[in-house]
Amino acid sequence: MILRNLWRRKARSLLTMLGIGIGVAAVIALGAMAEGIAEGYAAFAGGSGADLLVTRSDAGDLTLSTVDEQVGERIRQLADVRNVSGVIFNMVSLESIPYFIIGGYDPEAVAIQHFKIIEGQPLAREREIILGRQAADNLKLSVDDTIKLYETSFRIVGIYETGQSFEDGGAIISLADAQAIFKKPRQVTFFEIQVRDPTQLDGVQARIEQLYDDLSVSKASDVGDEQVMVESMRYMAWGIGLIAVLIGGLGMMITMVMSVFEQTREIGVLRAVGWRKGRVLRLIMSQSLVLSALGGVLGVGIGFGLVWLINHTPAVSSFAPGVVRTPLLIQGMSVALVLGTVAGLYPAWRAAGLNPIEALRYDGGTGDRDESSWAQAFGMTFRNLLRRRARSLMTMGGIAIGVGLIVSLGAITEGVIQGFTDMTSQGGAELIAKQANVADMGYSVIEERIGYAIAAMPEVQDVSGIVWGFSMGKDAPFLFVFGMDPNGRAIQHFRTVEGERIRGRGEIMLGRAAADTLEKKVGDVIRLPGGVFRVTGIYETGVGYEEGGGVMALHDAQIAFEKPRQVSILQIKVRDPTQVEAVRARIEERYGGDVSVATTATFIEKSADIQNTKAMLGAVFVLAILVGGVVVTNTMVMAVMERTREIGTLRALGWRQSRVLWMILAESLLLSLIAAGLGILVGMGLTGGLQAIPGVGSFMSAVYTPQVIAQAIAVSLFLGAAGGLYPAWHASRLRPVEALRYE
Amino acid sequence: MNKRPIVVETHALIKIYGDGAEIHALDGVDLVILRGEFLTVMGPSGSGKSTLLNMIGALDKPTGGQVIVNGEDLATIRDVDRFRARTVGFVFQLHNLLPALTARENVEVPMHGQSIGEREMRERSEHLLELVGLPDRMRHLPSQLSGGQRQRVAVARALANDPAIILADEPTGSLDTQAGGEIVDLLEHINRNQGTTILIVTHDPKVARRTRRILTMRDGKIADDHRVESPVREDLRDLARSRLGSMLLNGAKDQVLAEIGLDQHDEETAIETLRLLLNRTLTDQDTHDAQ
């Protein structure tokens, strides 16, 4: 009976299942990617049989960790340590692969044996590289070809395979080369340690931690899970999945409410022949659960499809290969079932509470009830939506959540772009230079001498080198730190409202928001990587990023972030503002191998970070459109179905097909347009909520550009048009005689 | 009588439903309906009544044969929608009003897309609602009207574009006897005063007896087609048989006038005289009944 009821409304059941399915698929695909990154990190860190891993404790992400080579020497002398290998682990940006993983190993080290050569030779000397099987395929390169990383050419001597897609999508070079190209002289990303006796693991761990309080020692198997990147990926998986599920859930609830409406008379009969309330409740609940379970299964299927797709897209799979594990499937299915329960509860309760006499008298419910007279002030389209208030509201809610998300993320992205642009153009600089081909701005490293050389160019008035870094110290869980020359031009931009500017080493001034979050006043001290700093002043600049961070002397920042004689970016002020483009071209011509230069206005837009954020935004777009489209279609299909006779009447009275088509389409469009307005409010509320989170809010200045709003409305209207098209077409194609006979 | 123009004409009309087990809903129907006729189609369920109605209204296409409405062959008609809007008017068993629209807006529905101005639309719909006796219900929604009132709105809607024929499929089917009777009164009134041709499909012999021609269908064929005598004509026949009638027929007009105490010789007042005569008779009757 349950299945037959669902079968009776095939289109609707299918659409509902699809709505849930897409949500579940999103949870699975994103979860699988997070899992892939976690396993990849763990494999890289511990694949070669390492027991312990030594990283910098405040690094945030494995790739940002730097440990001095001397530390390795010291650890090697400890009792119970059998083996220590220093490893560089980082990424470069290749043309087709934004995040290409590079490992730097000593060719003599034990750890490198983990990468089994299946073709060619093992890595023996500098300027040689071995590629993972997957990477070789993706880049269409083979043994004896060459590959360029940061202006350095490497000869491919071998192809390896480990069975880990994360590793097989990357490449290995010698440690010395890696230190050179990633500008980490005498440093490594982490040390892999093998102990002589596994029972001594905890002892060795404790001893190293005792020796170096700024290093963290973890068991190799835990590394993947400890990564901030993996964490945030998992949160994102859940976040986006949750949104999709929420929209899908609303669609589900609409379906179940509709189904109860439709079955009102049947429910009346069931109650009249002696069915108890509980039994009616169970009937509706079962329908809901069966539907959601089927949707869940569908979602798992789509999820697998997406993961397959991810693993066949080199740009993604080399960094975040999808790995589906049973717990993830269980998560996906439970999401679907919870949804079914929640969405079924209200309709079931409603059905059980029906008065049998009234239910029997129910006339199909095409809205023959009193309408408020104010509704007559509006057109027919609006009144038709009003007839099914609950359903229209739920549909609008679904669209509004998607649109809200787009507005919120779009505004935050715009805020980031604007914030960074303001930040990089501090003091009127026209050009910004960052390291060429860098995968992420956080990795950008430029030698100071290049800054001096650029400053010596006659067209250039001034060059300020700035070090950027995130501090993850004990005093400040998340602080954006700028290192600047205390006497330079760039620092003039930071106007202190309390105390004074920094004059030299050992001092820091904080942004207003940072000072409030950290509860620091002028004269207090703050413990950060690289030492203890005295707060000399509080500044306000109006830029969220700046006010959420702190400024210290360039030298301090170079030490704190292990960038000796290096900076993150260069701010360049040219003498003749009309010659900006020419100067940009000349700098790139001369130093193109080391830096890429952009105007301050386009720098951020062009950076890989923003490109990636925008790609994510695109994914949310697609998801919102898919799920939202399904919900709108579902609603409009129902609207057409229950009004079949009405449409038949209109056709009998001489309305043209095109007129009927437009009537349904107009309803769908109006619905989505109202939803767009609602969604923009939801988005603003969402952003407001996020900004209210202490510590996070200071970084997020949302900017609602006309484009963001236009985008939201466009997405909404697209949803309305796409979702309304099929039902409208269907309605216009109804044959009047049959439509009139429809019950 | 045959000088009146033909509104509907069917020739060997055939409609077959289904592929395997074919149902011959219409099996060679020849029919002529003249302008101003008020007729019913009766017959058991499945005899083809509604199918015939749908064919005439261009809601469905025949398998064979020909339907000509207002001189146009429906098989060759280019714009079926326009035909439905302009040439025919439907009244259904269930009123099928749009629940979101007011009574007046419902009447205007067939006028949409027929290049009729906003103002004219309003004037016409208001006029039609007055015609069906609902001048004070213009802004009411269907849910605020009684069943009979809703059907009146449906009749007004059918008249929206002054159609050549009104096709009413069981218009009293979902109404109680009194409301049903009122709808037939209304249709009769429209037929007599507007001259609109009206075809009613019904089960109800009481409704059929009110019209002047009854078609009876059986198994897709017209089994019987007879004209009902006009009630007035029957009354005249009764009058002719009465003593007054024989006095009038025998040319004894003076005698009649003398008998009731009048002496006017003007022939033009004869009818008026007759009216007075009948009035007096009724008054006498009432007085008699009261006693």
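**Figure 1. Chain B as a whole.** Of the 291 residues in this chain of the predicted model, 37% are buried. The fold of chain B is built with 11 helices and 10 strands. Take the contacts in chain B between residues at least 6 apart in sequence: 67% of them join residues at least 24 apart.

**Figure 2. Close-up of helices α5 and α6 of chain B.** Here we look at α5 (residues 147-158) and α6 (residues 177-194) of chain B, which pack with their axes 9 Å apart and at an angle of about 20 degrees. Because angles under 35 degrees count as roughly parallel, α5(B) is described as roughly parallel to α6(B). The crossing of α5(B) and α6(B) is right-handed.

**Figure 3. Residues in the contact between α5(B) and α6(B).** On the α5(B) side you will find Gly147(B), Gly148(B), Gln151(B), Arg152(B) and Val155(B). Facing them in the contact, α6(B) supplies Ala179(B), Glu182(B), Ile183(B), Leu186(B) and Leu187(B). Sorted by class, this contact of α5(B) with α6(B) holds 5 nonpolar, 3 polar and 2 charged residues.

**Figure 4. Where chain B meets chain A.** In this view, 25 residues of chain B are in contact with 24 residues of chain A.

Definitions and conventions. Residues are numbered from 1 along each chain as its sequence is written. Chains are lettered from A and ligands numbered from 1 in the order in which they are written. This is a predicted model: local features need pLDDT of at least 70, side-chain atom pairs count only at pLDDT 80 or more; totals for chains, interfaces and linings use all residues. Axes are lines fitted to C-alpha atoms, for helices over the stretch in contact, and angles run from 0 to 180 degrees between N-to-C directions. Helices (H or I, at least four residues) and strands (E, at least two) are DSSP runs, numbered from the N terminus. Angles under 35 degrees count as roughly parallel, over 145 as roughly antiparallel, 65 to 115 as roughly perpendicular and the rest as oblique. A crossing is left-handed if the near helix is turned anticlockwise from the far one by less than a right angle, and right-handed if clockwise. Two residues are in contact if their C-beta atoms, placed from the backbone, lie within 7 Å. Ala, Val, Leu, Ile, Met, Phe, Trp, Tyr, Cys and Pro count as nonpolar, Asp, Glu, Lys and Arg as charged, and the others, Gly among them, as polar. A residue is buried if 20 or more other C-beta atoms lie within 10 Å of its own, exposed if 12 or fewer, and partly exposed in between; C-beta atoms are placed from the backbone.
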